[in-house]
Amino acid sequence: MTKFEVGKKYSCRSIADRDCIFEFEIVKRTEKTVVIKDGLKEKRCKIYAENEEEYIYPLGKYSMCPTLRSSKEMTEKTQDIVKQKIKTQDIEVQTTNNVTYVDFQKPEEKETETSIYYEINEKVAAIANDMVSFSKYEQGSATAEYRRLVDKAAKIAEQKKKETDPMYHPKITYYFDLYARKLAENINRYYEISTRCPSVMIVGPAKFPVKKKERQVYALNKNFQEYNEIQKILEKIQSIGKGGIRSDDPRAIEKLKERLLTLEKNQEHMKKVNAYYRKNKTLEGCGILSENEKKLLTSFMERNEITSVPYGDLSNNYMCIKYTKERIAQLEARDSLKGWKFEAGEVVANKEINRLQILFDEKPEEEVRNVLKRNGFKWACSQKAWQRLLNQNAIFAAKRVLKSFGKEIKV
């Protein structure tokens, strides 16, 4: 009887696709079982005997499942073709995991890999296709679909970079790379889950592993939920730069002054229109407004029966001007903010990252940490400090925290 031998490699073909070859190495064996290795993980399988040879089910026992027989030992010639990648008539042998495929495309004709993409496991995608479909898998189709989605995200990222300040570009690049990586992981995970159990249309209903299929469907649903979460990263990219002017922006003061100038111009414009209407009781002849603006304002006033120009935003605009001036004053005064030392550490005004940091000589007690959190301080591992945005409120908060624990301040 032909038996499996430890250290030797055996191969079998997929029933659905003859070009799909599975390779396994016998790691160890007993009288009734063998341990096989497919390049990724080891698995124990029960040995069956028939026609003077042993055989096992390496991927599980179900209808039309692959059968690995002891008579199908890989010859040295076959192994040399795989190991040495021998090419004949521009045919390239490729091996990933335990599946061997033949690539008929010339190496010089292949596209150059771009750094924005991550790898998609084409071999697992091919096996997944054979598990659910009678049609032959088109080599490279999984990668093509992945790259189509990444290219779409790249266009969104590039357009966003054109619309936003250069300070946001690293953040856009980070989220784009995160999207490309997470998407590749999700797609590879989808194909891996799809190989766990074949479709009943492929193998038939006889002894179909219903429980195994239910677990596969549950995993696929979870994978689809993860895919929807990944798509939300594109929404994050599109929202970058829309949250106002950040205080840690190097050009914050310059941008605020530009905004202030625009607000003041709008304020003067609205005042002049109101003064003209109060004097003439009509907008006709008002050279400040365009003809279209006059029609819209007049129509709105007649429809709502009001007797003054509906510039309700006049007071709101004034408050925006006042708030912007206050922010400019705060940022200009930020350079004068300084830190100090106390009994068990020091407070640092880190102007490079625009953070007020509290550095302790030793790890503070839990009670102290809770008070820091309640006062807006967060632990930053990269800085080894408790910190919050650098402003006058942060100075007050730091002094309040230290005073509550009786820490003596040393200027």
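The expected span of a helix is taken here as 1.5 Å times one less than its number of residues, and helices (H or I, at least four residues) and strands (E, at least two) are DSSP runs numbered from the N terminus. The model is predicted, so that local features need pLDDT of at least 70 and side-chain atom pairs count only at pLDDT 80 or more, whereas totals for chains, interfaces and linings use all residues. Residues are numbered from 1 along each chain as its sequence is written, and side-chain values use heavy atoms, with hydrogens and water left out.

**Figure 1. Helix H3 and the helices that its buried residues pack against.** Helix H3, residues 141–163, has 23 residues and reaches 34 Å from its first C-alpha to its last, which is close to the 33 Å expected at 1.5 Å a residue. Its buried residues (buried means under 20% relative accessible area, exposed over 50%, and partly exposed in between, with a 1.4 Å probe and protein chains only) include Ala142, Tyr146, Arg147, Leu149 and Lys160. The buried residues of H3 pack against H2, helix H4 (169–194) and helix H6 (210–239).

**Figure 2. The largest cavity and its lining.** A cavity is a set of points, on a 1 Å grid over the protein atoms alone, where a 1.4 Å probe fits but cannot get out, and lining residues have an atom within 4 Å of a point; grid points are joined across faces, edges and corners, and a volume is the space filled by probe spheres set on the points. A search of the whole structure finds one cavity of 30 Å³ or more, and about 150 Å³ of space lies in the largest cavity. Of the 15 residues that line this cavity, Ser14, Tyr62, Met64, Asp130 and Met131 are the closest to its centre. Helix H2 (122–132) and helix H5 (200–203) each supply at least two residues of the lining, and H2 gives the most, with three. The lining divides into 13 nonpolar residues, one polar and one charged, where Ala, Val, Leu, Ile, Met, Phe, Trp, Tyr, Cys and Pro count as nonpolar, Asp, Glu, Lys and Arg as charged, and the others, Gly among them, as polar.

**Figure 3. Val200 in helix H5.** Val200 is partly exposed, with a relative accessible area of 38%. Leaving aside neighbours within four places in sequence, Val200 is in contact (heavy atoms within 4.5 Å) with Pro205 and Phe208. Val200 and Val132 are 68 residues apart in sequence, and their C-alpha atoms are 8.2 Å apart in space.

**Figure 4. Positive phi values at Glu52 and Lys384.** Glu52, a residue other than glycine, has a positive phi near 60° and lies in the loop between strand E5 (48–50) and strand E6 (53–56), where it counts as exposed at 57% relative accessibility. Lys384 is not a glycine either, and has a positive phi of about 55°; its place is in the loop between strand E13 (378–380) and strand E14 (385–389), and Lys384 is exposed, with a relative accessible area of 59%.

Figure 5. The protein averages a pLDDT (the predictor's confidence in each residue, from 0 to 100) of 82, and 84% of the residues score at least 70. Where pLDDT is low, the predicted coordinates should not be read in detail.

Technical notes
On a 1 Å grid over the protein atoms alone, a cavity is a set of points where a 1.4 Å probe fits but cannot get out, and a pocket is an open set with protein on both sides within 12 Å along at least five of seven lines; lining residues have an atom within 4 Å of a point.
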